[in-house]
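Open your viewer and get the selection tool ready. We will go stop by stop, picking something to select and then looking at what is there.

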Amino acid sequence: MAELAQVSSATVSRVLNNDLSFNVPEETKNKVIEIAKKLNYCKKTERKRKTKEQPDIKVGLLIWCSEQLEYFDPYYLSIRLGVERECLRRGIEIHRVFRWVEGSNRDMDLSDLNGIIAIGKVNTSFITSSKNPNMHVVSVDHISSDQCDAVVFDLEKAAKQAMEHLFELGHEKIGYIGGTSYIFSKDNKQYYIDERQRMYRFLMTEKGWFRNKDLHTGGWGIDAGYQLMKQAIEQGDIPSAFLIASDPMAIGALRALDEFGLRVPEDIAIVSIDDIDIAQYVKPPLTTVKALPEEMGTTAVKLLVDRIESGREAALHVTVPTELVIRKSCGANS
């Protein structure tokens, strides 16, 4: 087929396997497909997957949040979409999906699975200690242990980039709005200080500017951002800028500021974290630190497949890069 199409065998392979990451002219793609049809080519996917080199991979997906939270905070939804798309591209079926939310049953049937991708703050130690000797775990958005692969977004670095940008703009009175964080385990949940909040407090304390009254935490999501910003405004002596832990919370905060007649960025500068699609369309567009959640999900699948197929023993922890995206809400791009 490569000879007839006058392309490389690699090009033929990637076209016929519908490799979405491969950019090829439509004319070349159609030519390869037409030649394949004339030669009665039949892709024997199942037989290929079950060979020693490419074993049949049975994957489970463990998600720490509800479908409702996914809807209101696209960060975790994007991670899941990245996992699903990469599995689809590789012909891997997700056999089971488990959700751990308040009051849910956390019993999991792992007997016929050889891989779990855990999305969110989940302690997976009970999985690695299960009786299934073929079980491999990849955590996304949390490093569960030194024995498991993980893909994470450097929240401390993201918060530092955001804060340093506000410092450069001359702000000294800076507030923080964020959610309460916790790690789910099979039997309970453990609260901890979020990395963004921790970096905010460290940097402000280092400069001698930290005031406990400027730190506001509660739930996550748009409504939480709205309520926490109202709280900050109503207590008076409001900071000239805020670091907000996520874009959805920042969108809620913008609504509260507008209701009180405070302008962004003229009265209050805002920098948040995520860079979800809608961040560039709100008024004013959000200055935010870009996360790459879909790539995190894609990378998790690649790590899982690599560990299963290669027999790799050492765990790999992959950190995706951060990037400050400057728009109008901070005042630097007005």
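Before the first stop, a word on terms: on a 1 Å grid over the protein atoms alone, a cavity is a set of points where a 1.4 Å probe fits but cannot get out, while a pocket is an open set with protein on both sides within 12 Å along at least five of seven lines; lining residues have an atom within 4 Å of a point. Grid points are joined across faces, edges and corners, and a volume is the space filled by probe spheres set on the points. The model is predicted, so to speak of local features a pLDDT of at least 70 is needed and side-chain atom pairs count only at pLDDT 80 or more, whereas totals for chains, interfaces and linings use all residues. Residues are numbered from 1 along each chain as its sequence is written, and side-chain values use heavy atoms, leaving out hydrogens and water.

**Stop 1: the cavity.** By class the lining has nine nonpolar, three polar and six charged residues, where Ala, Val, Leu, Ile, Met, Phe, Trp, Tyr, Cys and Pro count as nonpolar, Asp, Glu, Lys and Arg as charged, and the others, Gly among them, as polar.

**Stop 2: strand β7.** Keep β7 selected and colour Ser181 and Ile183 on one side, then Tyr182 and Phe184 on the other: all are buried, leaving both faces covered. Buried means under 20% relative accessible area, exposed over 50%, and partly exposed in between (1.4 Å probe, protein chains only). Next select β8 (residues 189–192), which pairs with β7 in the antiparallel sense over four bridges; two strands pair if DSSP finds at least two bridges between them. Phe184 stands opposite Lys189 in β8.

**Stop 3: the second largest pocket.** Select Ser78, Asp275, Ile276, Asp277 and Pro293, which lie nearest the centre of this pocket and are among its 14 lining residues. The pocket holds about 260 Å³ of space. Both α6 and α12 (293–310) supply at least two residues of the lining, which divides into seven nonpolar, one polar and six charged.

**Stop 4: the six-stranded sheet.** Show the strands in the order β9-β6-β10-β11-β12-β14, an open sheet with mixed pairing. β9 (215–218) and β14 (323–325) stand at the edges with a single partner strand each, so one side of each has no neighbour in the sheet. Zoom in on β10 (residues 241–244) and β11 (residues 269–274), which run parallel and are joined by three bridges. Here Leu243 stands opposite Val271 in β11. Then select helix α9 (residues 195–206), which packs on the sheet and touches β6 (174–179), β9, β10 and β11 (contact means heavy atoms within 4.5 Å).

**Stop 5: Ser66.** Finish in the loop between β1 (59–63) and α5 (67–72), where Ser66 lies. Is Ser66 buried or partly exposed? At 25% relative accessibility, Ser66 counts as partly exposed. Arg99 is 33 residues away in sequence, with 6.8 Å between the two C-alpha atoms.

How values were computed
Axes are lines fitted to C-alpha atoms, for helices over the stretch in contact, and angles run from 0 to 180 degrees between N-to-C directions.
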